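This report describes selected features of one protein model. Please view the sequence and the structure together before reading on.

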Amino acid sequence: MDGPAIDRMVKDFQKAGKRLLMLDYDGTLTGFRKLPGEAVPDEELLSCLKKLIAQKNTELIIVSGRDKKTLNEWFGDLELNIVAEHGVWIRPRGEDWRMIEHLEKSWKEKIRPVLESYVIKTPGAFIEEKGYSLAWHYRRADQHQAHAQISEMKETLHNMISNLNVGILNGNKVIEIKNIGINKGRAINNWLDRGKWDFLMAVGDDWTDEDMFEEMPEKSYSIRVGYRTSKARFNVKNVEDVRFFLKKMADL
């Protein structure tokens with residue numbers, strides 16, 4: 001997405017009567033950290049988000065894989081919408097958290113020991129437990145050693161989940177096991193279906209965001225962070241590029 005394309009997008013945003021912005025968090029609004037808890041939103045980002053949601057007829061959604069407790073701590077005081085755990089939980093602006101549908105999580109007791117065994121085999125790896133998913137992080141581990149374990153771990157997991165309603169997500173240096181059928185695309189439909197939007201934008205960096213891009217109308221602004229094949233219409237290089245165009249929108 002070059003400069004002229006960004007300028008067109010900002011102008012389209014400026015003249016639109018009703019706007020909806022859908023933003024992933026990690027890898028999109030902020031860079032990755034060694035530990036998930038270290039990626040706290042900074043003042044520059046919070047200021048930008050506050051300016052955006054203060055604009056007339058503008059709805060903003062943080063669409064994240066993080067747990068709802070963390071997202072509530074970081075963004076709960078802002079007048080915006082939040083999607084947590086890749087679509088398991090949604091919190092429309094001014095409302096309480098609710099699940100899209102009732103989910104089973106007893107499968108975690110079966111899967112957790114497998115992930116723990118690979119934590120032992122892979123120094124630096126650790127497990128993050130969310131309400132309805134388990135994530136095996138390997139950002140702090142030796143990457144060669146981690147990748148040597150991942151194929152074996154995924155094969156073991158595939159054999160175990162064949163009769164369970166769960167799937168395996170390959171994230172950015174994380175393997176996550178979660179209920180299938182729940183995703184970011186399904187979650188954002190709760191807002192896309194609310195009448196006609198004059199401006200739609202979705203931004204994400206991970207393949208879990210592809211479900212979100214797939215739901216976007218053809219002429220909307222879907223943007224993938226990083227130059228990978230995507231269902232998004234546009235690509236930008238990094239988090240700094242995302243912040244650049246969001247700030248231009250916020251400062252209108």
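## Basis of the description

Two strands are taken to pair if DSSP finds at least two bridges between them. Strands (E, at least two residues) and helices (H or I, at least four) are DSSP runs, numbered from the N terminus.

The model is predicted: local features need pLDDT of at least 70, side-chain atom pairs count only at pLDDT 80 or more, and totals for chains, interfaces and linings use all residues. Residues are numbered from 1 along each chain as its sequence is written, and side-chain values use heavy atoms, with hydrogens and water left out.

## The four-stranded sheet

An open sheet of 4 strands, with antiparallel pairing, has the order β6-β7-β9-β8. At its edges are β6 (126-129) and β8, each of which pairs on one side only. On average, neighbouring strands of this sheet are turned by 20 degrees against each other, direction ignored. Axes here are lines fitted to C-alpha atoms, for helices over the stretch in contact, and angles run from 0 to 180 degrees between N-to-C directions.

Strands β8 (residues 166-171) and β9 (residues 174-179) run antiparallel and are joined by 6 bridges. Valine 166 has asparagine 179 in β9 as its bridge partner, and asparagine 170 stands opposite isoleucine 175 in β9. The hairpin of β8 and β9 has 2 residues between the strands, and lysine 173 takes a positive phi near 60 degrees there.

## Helices α4 and α5

Helix α4 (residues 108-121) lies across β6, β7 (133-137) and β9, and runs at about 5 degrees to β7. Helix α5 (residues 143-161) lies across β7, β8 and β9, and runs at about 160 degrees to β8.

The axes of α4 and α5 come within 10 Å and cross at roughly 165 degrees. That makes α4 roughly antiparallel to α5, a term for angles over 145 degrees. Residues of α4 that meet α5 include Ile111, Val114, Leu115 and Tyr118, and those on the α5 side include Met153, Leu157 and Met160; contact means heavy atoms within 4.5 Å.

## Threonine 28

Threonine 28 is found in the loop between β1 (19-23) and α2 (43-54). Its relative accessible area is 0%, so threonine 28 is buried, meaning under 20% relative accessible area (1.4 Å probe, protein chains only).

The side chain of threonine 28 makes a polar contact with the side chain of aspartate 24 (2.9 Å). A polar contact is a pair of N or O atoms within 3.5 Å; within protein, one must be able to donate a hydrogen and the other to accept it, and residues adjacent in sequence count only if both atoms are side-chain atoms. Leaving aside neighbours within four places in sequence, threonine 28 is in contact with Val203, Gly204, Asp205, Val225, Val239 and Val242.

How values were computed. Buried means under 20% relative accessible area, exposed over 50%, partly exposed in between (1.4 Å probe, protein chains only). Angles under 35 degrees count as roughly parallel, over 145 as roughly antiparallel, 65 to 115 as roughly perpendicular and the rest as oblique.
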